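Biologist: Can you walk me through this one? I'd like the sheet, the core and the aromatics.

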Amino acid sequence: APLLKSQAGTVTRACLHYEVRVPEGFRYAKGGKLPGLYGGDAPSGGESAGEGGFSMRLMWRAQGALEAYAYVASLEPGSSIGRGSASLVPGRWTAIDLEIALNDPQRANGWLRLRVDGRLAIKREDLRYRDSAAIGIDGLMFSSFFGGDDPGWASPVDQSIDFRDFALYRQ
């Protein structure tokens, strides 16, 4: 069931806040996924987005480079936005604020703002998250794992990531 509900109906703007820490010596491999926001059927794993829903998560890459990882109607599934605009620093907490506003149906006027430790790292204002007004922001998509389509994405050793201070705000 959706976490976010509005008295006026569909939630179209929300912000997810959390903190993440990778330990000293963390081995990033090719990359992995971090939490984000979703609506509808929360597409991932190469699924198409738009009519049934969207997802906007974060992803780490080699050396901790961050990016927004988008499953939205206007982009190819799993598109990278702003790769390397900020990074995770091993051994310290990194504050994440992922804010999105959905587009008007059939228009590319949705936006994304990612603040990392209070600094604006990504700003994009031309996104089409959805094709139907029935799709809103439903809540937190918490999936964190090493991942991609070949063994080079796998973690080379057993390791963990810490999370804290989750908050989800609507409009």
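Biologist: Ground rules before we start?

Modeller: This is a predicted model, where local features need pLDDT of at least 70, side-chain atom pairs count only at pLDDT 80 or more, and totals for chains, interfaces and linings use all residues. Residues are numbered from 1 along each chain as its sequence is written, and side-chain values use heavy atoms, with hydrogens and water left out.

Biologist: Sheet first. What is the strand order of the open sheet?

Modeller: The order is E8-E7-E6-E1-E11, 5 strands with antiparallel pairing. Strands are DSSP runs of at least two residues, numbered from the N terminus. Two of them pair if DSSP finds at least two bridges between them.

Biologist: Which strands stand at the edges?

Modeller: E8 and E11 (162-170). Each has a single partner strand, so one side of each lacks a neighbour in the sheet.

Biologist: And what does the twist average?

Modeller: It averages 10° from one strand to the next. Axes are lines fitted to C-alpha atoms, and angles run from 0 to 180 degrees between N-to-C directions.

Biologist: How many bridges join E7 to E8?

Modeller: 6 bridges, and the two run antiparallel. Leu 114 stands opposite Ile 122 in E8, and Arg 115 stands opposite Leu 120 in E8. E7 and E8 form a hairpin with 2 residues between them. Asp 117 in the turn has a positive phi of about 50°.

Biologist: What does Leu 112 touch?

Modeller: Among its partners are Met 56, Ile 100, Ile 122 and Tyr 129, not counting residues up to four places away in sequence. Contact means heavy atoms within 4.5 Å.

Biologist: Where is Leu 102?

Modeller: Leu 102 is in the loop between E6 and E7. Its relative accessibility is 9%, so Leu 102 counts as buried. Leaving out residues up to four places away in sequence, Leu 102 touches Val 11, Phe 54 and Ile 137, among others. Leu 102 and Ala 14 are 88 residues apart in sequence and 9.1 Å apart in space, C-alpha to C-alpha.

Biologist: Rings next. How many aromatic pairs?

Modeller: The count comes to 11. Rings of Phe, Tyr and Trp (its six-membered ring) pair if their centres lie within 6.5 Å; planes under 30 degrees apart count as stacked, over 60 as edge-to-face and the rest as tilted.

Biologist: Why is Phe 26 with Trp 60 edge-to-face?

Modeller: Their planes are at 75°, with centres 5.9 Å apart, so the pair is edge-to-face. Phe 26 lies in the loop between E1 and E2 and Trp 60 in E3, so the pair ties together parts 34 residues apart in sequence. Phe 26 is buried at 8% relative accessible area, and Trp 60 is buried at 1%.

Biologist: Which residues form the aromatic cluster?

Modeller: Tyr 18, Phe 142, Phe 163 and Phe 166.

Conventions
Helices (H or I, at least four residues) and strands (E, at least two) are DSSP runs, numbered from the N terminus. Buried means under 20% relative accessible area, exposed over 50%, partly exposed in between (1.4 Å probe, protein chains only).
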